[in-house]
Amino acid sequence: MANLLITGGAGFIGSHTALVLLEAGHQLVVLDNYANSSPEALKRVACLAGPEAGARLQVIEGDIRSAADLERAFAACAAPGNWLVDAVIHFAGLKAVGESVAEPLRYWDVNLSGSRQLVSAMQAHGCRTLVFSSSATLYGYPETVPIPETAAIAPINPYGHSKAAVEQLLADIAASEPGWRIACLRYFNPVGAH
């Protein structure tokens, strides 16, 4: 059993991931500000997981850009039995390409500044394992399809640029300090129902 912090855990991918992790026996704290989601998603996760699993789910309403909210999330992890966060799964962020073109500063603030704040909190709490929800938009207009993971990073919109910047930030952190374990998931549009 792992002790996990999930940012953006009430969103589409986050809530599906939370359910699978609860079913696998993990302890979860979800931090979400509900900008792209609803508390109802996590109520349904707890119901689907069942009472025993639902008891292993703590929900904190907050924003990853807030050091105080991140501190509350890490503190919630320590409260139930003095367990530390083994890993963070980072889904929080803004995700609409068109909106990013209209509001680039907002995307840079949430996606990059929020991720920087999260990594800083992880450092402070001794957590060095992160799964980052990136995006295939990093590839821009690919030269070949299917797109190999080794394809050039060439985003064409502020959303893609902000995700590429977070990946670079994470690479720099990993290179600067031993012990970091970071995975970046560059998926396309996920769809489907539970």
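This is a predicted model: local features need pLDDT of at least 70, side-chain atom pairs count only at pLDDT 80 or more; totals for chains, interfaces and linings use all residues.
I count residues from 1 along each chain as its sequence is written, and I use heavy atoms for side-chain values, with hydrogens and water left out. Local features need pLDDT of at least 70 and side-chain atom pairs count only at pLDDT 80 or more, while totals for chains, interfaces and linings use all residues.

**Terms.** Helices (H or I, at least four residues) and strands (E, at least two) are DSSP runs, numbered from the N terminus. Buried is under 20% relative accessible area, exposed is over 50%, and partly exposed lies in between (1.4 Å probe, protein chains only). I call two strands paired if DSSP finds at least two bridges between them.

**Strand E1.** I looked up residues 3-7. Five of the five are buried, so E1 is largely enclosed by the rest of the structure. Asn-3, Leu-5 and Thr-7 lie on one side, Leu-4 and Ile-6 on the other.

**E1 partners.** I found E2 (residues 27-32) parallel to E1, over five bridges. Gln-27 in E2 sits opposite Asn-3. Helix H1 (residues 12-23) carries the chain from E1 to E2, and this β-α-β crossover is right-handed (clockwise from the first strand over the helix to the second, with the strands pointing away from the viewer). E4 (residues 87-90) also pairs with E1 in the parallel sense, over four bridges. There, Ala-87 is opposite Leu-4.

**Strand E2.** I checked burial next: six of its six residues are buried. Gln-27, Val-29 and Leu-31 point one way; Leu-28, Val-30 and Asp-32 point the other. E3 (residues 57-61) pairs with E2 in the parallel sense, over five bridges. I noted Glu-61 in E3 as the bridge partner of Asp-32.
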